[in-house]
Amino acid sequence: MNKSTPSINKSLPMAGIIAAVILLVAMNSYITVKAGHNKVATLFGDVRDDAYDEGFHIVNPLLDFTTFDLRQLTYTWDKVQVPSQDKLKTSMDVSVTFRLDGDRTPRIFQESGRLEDVVSKHVTPKVRSLLREAGKTVDQSQDFYIDSVQLKMQTYMEEGLKSYLEPKGVIVEAVLFRDITLPQVVTSAVIQTKERQEQLEREKAQLKIVEQQAQQQVKQAEAREQAAVSDANAKRTQADAEAYRILKEAEAQANANKVLARSVTKELIEYNSVQRWNGSYPQTLLTGDTGGVILSLPDMGK
């Protein structure tokens with residue numbers, strides 16, 4: 001009995017070691033992959049061809065795993081200097097939205113490395129290169145503010161990134177430009193131009209007011225002239241009416257005189273003379289000869 005005790009004591013540590021190994025193996029014999037990710041397995045540096053999708057998996061405990069995020073990602077490069085044809089550099093923020101192709105993550109890991117390696121080795125250099133090439137198509141730096149120029153650059157960037165990155169397992173979704181800052185010399189010139197335009201607009205507004213006032217004065221003068229013409233026409237009409245009245249009265253008087261002249265006869269004159277004689281004889285008599293003599297007759301009434 002005493003002789004078996006040492007062998008039992010020696011087997012206890014060995015059993016503990018075996019249990020620990022079994023537990024360790026059991027703990028490393030499965031993996032879980034969370035939503036929107038997958039894992040690439042390597043065995044002693046050899047990359048497995050198939051990635052493990054999201055969910056629970058029983059795996060070789062000797063495998064080593066690298067996790068890849070397959071969700072839509074957006075990386076932004078701040079204050080990128082983009083030269084235009086006028087040799088001036090415009091600063092802008094560039095954002096690229098992309099995602100990794102889950103079926104190609106083993107190849108991505110084998111050729112490029114992790115996600116950070118893909119961005120630093122492929123995405124960033126290509127973004128900067130394409131930006132420089134796109135800037136060469138812009139005549140002046142201030143043209144970066146034009147919507148059509150930005151749209152043209154976005155299309156150029158998207159097409160260039162897709163053709164370069166998709167064969168590497170990177171799917172480009174969109175390219176966006178933000179916070180475009182022109183060179184200081186251009187900014188000053190733009191501000192001065194804007195101030196001149198605003199001054200010109202103010203002058204145009206003042207000129208329009210002056211023109212309106214002048215037009216109003218012209219209309220008032222035309223109104224006064226029209227009133228004067230109307231008054232003159234009225235006076236002319238009144239004068240014509242008065243002249244017509246006088247003419248008609250004269251014509252009536254003339255016609256009356258003619259009628260009166262035709263009605264005066266020798267007998268009517270003698271009759272009127274007799275009717276008006278007061279019984280007195282004339283004191284003066286003129287003979288009918290050409291060398292007539294004036295006679296003074298005595299007053300018969302005395």
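Buried means under 20% relative accessible area, exposed means over 50%, and partly exposed lies in between. The legends below refer to a predicted model.

**Figure 1. Overview of the predicted chain.** The chain contains six helices and 10 strands. Of its 302 residues, 23% are buried. The accessible surface comes to about 21,800 Å², and carbon and sulfur atoms contribute 56% of that area. Among contacts with a separation of 6 or more, 62% are between residues 24 or more positions apart.

**Figure 2. Strand β8 at D179.** Most residues other than glycine have a negative phi.

**Figure 3. The loop between β6 and β7 at K87.** The loop runs between β6 (73-83) and β7 (89-100). K87 also has a positive phi, of about 70°, although it is not a glycine. With a relative accessibility of 74%, K87 counts as exposed.

**Figure 4. S84, in the loop between β6 and β7.** S84 has a relative accessibility of 6% and therefore counts as buried. Its side chain reaches the backbone nitrogen of S141 at 3.4 Å. When neighbours within four places in sequence are left aside, the residues in contact with S84 are G135, V138, Q140, S141 and F144.

**Figure 5. P183, in the loop between β8 and α5.** Helix α5 spans residues 184-263. P183 is buried, at 12% relative accessibility. Not counting residues up to four places away in sequence, P183 touches L88, K89, T90 and S141. One of these, T90, is 93 residues from P183 in sequence, yet the two C-alpha atoms are 5.7 Å apart.

**Figure 6. Packing of helix α3 against helix α4.** Helix α3 covers residues 115-135 and helix α4 covers residues 147-165. The two pack at an angle of about 140°, and their axes are 10 Å apart. The crossing of α3 past α4 is right-handed. On the α3 side the contact is formed by H122, V123, K126, V127, L130, L131, E133 and A134. On the α4 side it is formed by M153, Y156, M157, G160, L161, Y164 and L165. Sorted by class, the contact has 11 nonpolar, two polar and two charged residues.

**Figure 7. G169, in the loop between α4 and β8.** Strand β8 spans residues 170-181. G169 counts as buried, with 1% relative accessibility. Its contacts, leaving aside neighbours within four places in sequence, are R99, L100, D101, R104 and I108. D101 is 68 residues away from G169 in sequence, and the C-alpha atoms of the pair are 5.2 Å apart.

**Figure 8. H37 in strand β2.** Strand β2 is made up of residues 37-43. H37 is buried, at 8% relative accessibility. The side chain of H37 reaches the backbone oxygen of A35 at 2.9 Å. Residues up to four places away in sequence aside, H37 touches D53, E54, T67, F68, D69, L70 and R71.

**Figure 9. F56 in strand β4.** Strand β4 consists of residues 55-58. F56 is exposed, because its relative accessibility of 53% is over the 50% limit. Not counting residues up to four places away in sequence, F56 touches Y30, I31 and T32. K34 is 22 residues from F56 in sequence and 8.9 Å from it in space, C-alpha to C-alpha.

Definitions and conventions:
Residues numbered from 1 in each chain as written. Predicted model: local features only at pLDDT ≥ 70, side-chain atom pairs only at ≥ 80, totals over all residues. Heavy atoms only, no water. Axes fitted to C-alpha atoms, helices over the stretch in contact; angles between N-to-C directions. Helix = DSSP H or I, 4+ residues; strand = E, 2+ residues; numbered from the N terminus. Left-handed = near helix turned anticlockwise from the far one by under 90°. Contact = heavy atoms within 4.5 Å. Nonpolar A, V, L, I, M, F, W, Y, C, P; charged D, E, K, R; others polar. Buried < 20%, exposed > 50% of the residue type's maximum accessible area, 1.4 Å probe, protein only. Polar contact = N/O pair within 3.5 Å; in protein donor to acceptor, adjacent residues only side chain to side chain. Areas by Shrake-Rupley, 256 points an atom, 1.4 Å probe, with all protein chains shown as cover.
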